[in-house]
Amino acid sequence: MTEPVKVETKNGIAVVMLNRSEAFNAFDMPTVASLADALVELAADSSVRGVVISGSGKAFCAGGDLKWALSHKNGPPAAFHELAARFHLAVAEIRRMPKPVIAAVNGVAAGGGFSLALACDFRVLAKSAVLRQAYTSNGLCIDGGGTFTLPRLAGFARALEIMAFDQPISADQALAWGLATKVVEDGQALSVSTQMAESLAGNALYAFGVAKQLLTDSFDTSFETQIERERQALSACAGHAEGKEGLKAFAEKRKPNFRSA
């Protein structure tokens, strides 16, 4: 039986590959459960300094498997209730993971695949890749944190337009709207994403994780609370091994070696 999600780690970078190419990597329960389990393990693995998520075949991820949902013994409402529980665990791990997570969008990312890509810290899109929210065209509403990430990346008005009209978004349009970090030639999304992760892995990951959490939480806090959190985080970074290495390297006028910190 083919594994629905494959994980390969090299040089501290884990590549998480959705592996249902025959279904455009759509989420049924085994697939989304495997994705969540993999991300939970990678978040806790100190040897992993970056994560890249991509899809096998022609698609990144077509979202929830509607055929699976329609065949569920208790009906689609129960199917989506169960599926979203595991999917949201995966998305929460991405947002709280103190290391960079990059979506290598090699093809269409629709529905849950759209939300999954938006949940990642960075998105590298192949030139022919297409983003589509897709939910509303099927009479559904967006999940996977999409209503949180979309307006923060594209702005409220643009997010509402995307939700209302559900037009396909090309890679170049995604870049212009702030939904993509970079657009690359077809066939290069995974390699470029891996190179990006390797580059980030050489930086101070503790500081990255702290900054990521501060940015994520900033929309739900007052200014005074946020700057106090910044003060505490800055002090913590300065006391961390990576912070000590960075300050020492500055004083010694050399490049810091955060991997050995």
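Q: What should I keep in mind about the model and its numbering?
A: Residues count from 1 along each chain as its sequence is written, and side-chain values use heavy atoms, with hydrogens and water left out. Since the model is predicted, local features need pLDDT of at least 70 and side-chain atom pairs count only at pLDDT 80 or more, while totals for chains, interfaces and linings use all residues.

Q: How many salt bridges does a search of the whole structure find?
A: A salt bridge is a side-chain nitrogen of Lys or Arg within 4 Å of a carboxyl oxygen of Asp or Glu. Here the search finds 14. One of them joins the side chains of R86 and D37, at 2.8 Å from N to O.

Q: Which parts does the pair R86 and D37 tie together?
A: Helices (H or I, at least four residues) and strands (E, at least two) are DSSP runs, numbered from the N terminus. R86 lies in helix α3 (residues 76-96) and D37 in helix α1 (residues 29-44), so the bridge ties together parts 49 residues apart in sequence.

Q: How many residues line the largest pocket, and which are closest to its centre?
A: On a 1 Å grid over the protein atoms alone, a pocket is an open set of points where a 1.4 Å probe fits, with protein on both sides within 12 Å along at least five of seven lines; lining residues have an atom within 4 Å of a point. Points are joined across faces, edges and corners, and a volume is the space filled by probe spheres set on them. The largest pocket holds about 510 Å³. It has 29 lining residues, with A62, G63, G64, L66 and G111 closest to the centre. Helix α3 gives the most, five residues.

Q: What classes of residue make up that lining of the largest pocket?
A: Ala, Val, Leu, Ile, Met, Phe, Trp, Tyr, Cys and Pro count as nonpolar, Asp, Glu, Lys and Arg as charged, and the others, Gly among them, as polar. The lining has 16 nonpolar, seven polar and six charged residues.

Q: What is the volume of the second largest pocket?
A: Its volume is about 410 Å³. Helix α9 supplies the largest share of the lining, five residues.
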